[in-house]
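Please read them alongside the sequence and coordinates.

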Amino acid sequence: KRLILIGPPGSGKGTQSPLIKDEYCLCHLATGDMLRAAVAAKTPLGIKAKDNMDKGELVSDDLVVGIIDEAMKKPACQKGFILDGFPRTLVQAQKLDEMLEKQGLKVDKVLNFAIDDAILEERITGRWIHPSSGRTYHTKFAPPKVPGVDDVTGEPLIQRKDDTASVLKSRLEAFHGQTQPVIDYYSKKGMVANLPAEKPPKEVTIEVQKALSS
Ligand code: AP5
Ligand code: ZN
Ligand code: ZN
């Protein structure tokens with residue numbers, strides 16, 4: 001399967017991705033995760049992306065299209081992939097269509113994590129992540145066994161620099177202004193499954209499974 005996960009910051013894309021990935025043996029391509037790794041490693045890409053990311057703005061289409069083009073070629077992605085956080089602009093959506101068409105491929109489904117903005121601040125400000133695995137926790141909704149420590153490795157958890165209430169405002173603006181048109185674009189093609197993303201994680205997983213089996 002080739003899937004797109006789309007939704008505002010904190011809507012649960014990164015939380016549901018590992019579950020979908022394991023069930024269907026797909027690779028998980030999260031542009032945000034890849035960009036954060038590049039920023040941490042201070043690569044040329046990371047240096048270009050950092051300022052936009054810290055402000056909650058989108059980075060340039062060319063940068064993200066380049067990393068997705070590269071990542072989709074990995075052998076692990078040949079059976080299918082989950083695009084988490086891409087495409088986020090109409091330009092990115094069109095570039096993706098072109099890249100797939102060249103290989104005679106297409107996207108099977110777009111999962112739209114529909115949720116009210118008002119819920120997102122609590123989700124974002126309570127999030128803790130284990131950077132090397134991408135595992136995500138929440139102080140209230142998904143607490144680790146030991147506060148600040150990853151359940152599996154025992155390594156420390158960190159908070160994302162952009163996970164503040166004020167940067168969230170900019171991220172939401174980018175979502176409504178630049179990414180909502182992408183949802184409309186796929187809706188017109190009849191490709192979108194709307195998920196009630198405000199429900200508890202396990203219930204959202206059930207909704208994802210329903211959407212993918214129909
Ligand atoms: P990115 O990393 O993609 O961030 P985002 O879109 O803001 O999404 P998040 O990762 O914040 O949300 P999520 O839906 O994954 O939430 P999660 O599951 O973790 O992008 C970051 C930046 O990179 C962008 O601002 C931009 O600068 C740049 N960028 C990335 N892609 C780009 C692109 N294509 N073009 C241009 N720029 C790009 O859940 C959040 C919290 O809630 C967690 O703590 C979790 O435990 C909890 N939670 C999850 N589900 C539930 C639930 N059902 N109930 C209760 N709590 C829940
Ligand atoms: Zn992720
Ligand atoms: Zn995410």
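1. Strand β1 is mostly covered, with four of its five residues buried. The model is a predicted one, and the points below should be read with that in mind.

2. Two strands pair with β1. One partner is β3 (residues 81-84), which runs parallel to β1 and is joined to it by four bridges. Within β3, D84 is the bridge partner of L5. The other partner is β4 (residues 109-114), also parallel to β1 and also joined by four bridges. Here I4 has V110 of β4 as its bridge partner.

3. The largest nonpolar core contains 35 residues. I4, L5, I82, L83, L111 and F113 have the most contacts inside this core. Strand β1 (residues 2-6) gives the most to the core, namely four residues.

4. L5 deserves a separate look. Once its neighbours within four places in sequence are set aside, L5 is in contact with I82, L83, D84, L111 and F113, and also with K13 and S17. Of these, D84 is also the β3 bridge partner of L5, while I82, L83, L111 and F113 are listed, like L5 itself, among the core residues with the most contacts.

5. Helix α2 has buried positions at T31, G32, M34, L35, R36 and A38. The elements that cover these buried residues include β2 (27-30), α3 and α4 (61-72). After α2 comes K42, which has a positive phi, near 55°.

6. Which residues come nearest to ligand 1? There are 34 residues around the ligand, and the nearest are P9, G14, G32, G85 and R127. G32 is also one of the buried residues of α2.

7. The shell around ligand 1 draws on several elements: α1 (13-24), α2 (31-40), α3 (44-55), β6 (135-138) and α8 (201-213) each supply at least two residues. By residue class, the shell comprises 15 polar, 13 nonpolar and six charged residues.

8. An unreviewed UniProt entry annotates residues 127-162 as "domain: Adenylate kinase active site lid".

Conventions: Residues numbered from 1 in each chain as written. Chains lettered and ligands numbered in written order. Predicted model: local features only at pLDDT ≥ 70, side-chain atom pairs only at ≥ 80, totals over all residues. Near = placed C-beta within 6 Å. Nonpolar A, V, L, I, M, F, W, Y, C, P; charged D, E, K, R; others polar. UniProt positions renumbered as here; feature names shortened; annotations may be inferred. Core = buried A, V, L, I, M, F, W, Y, C linked by C-beta atoms within 7 Å. Buried ≥ 20, exposed ≤ 12 C-beta atoms within 10 Å, placed from the backbone. Contact = placed C-beta atoms within 7 Å. Pairing = 2+ DSSP bridges.
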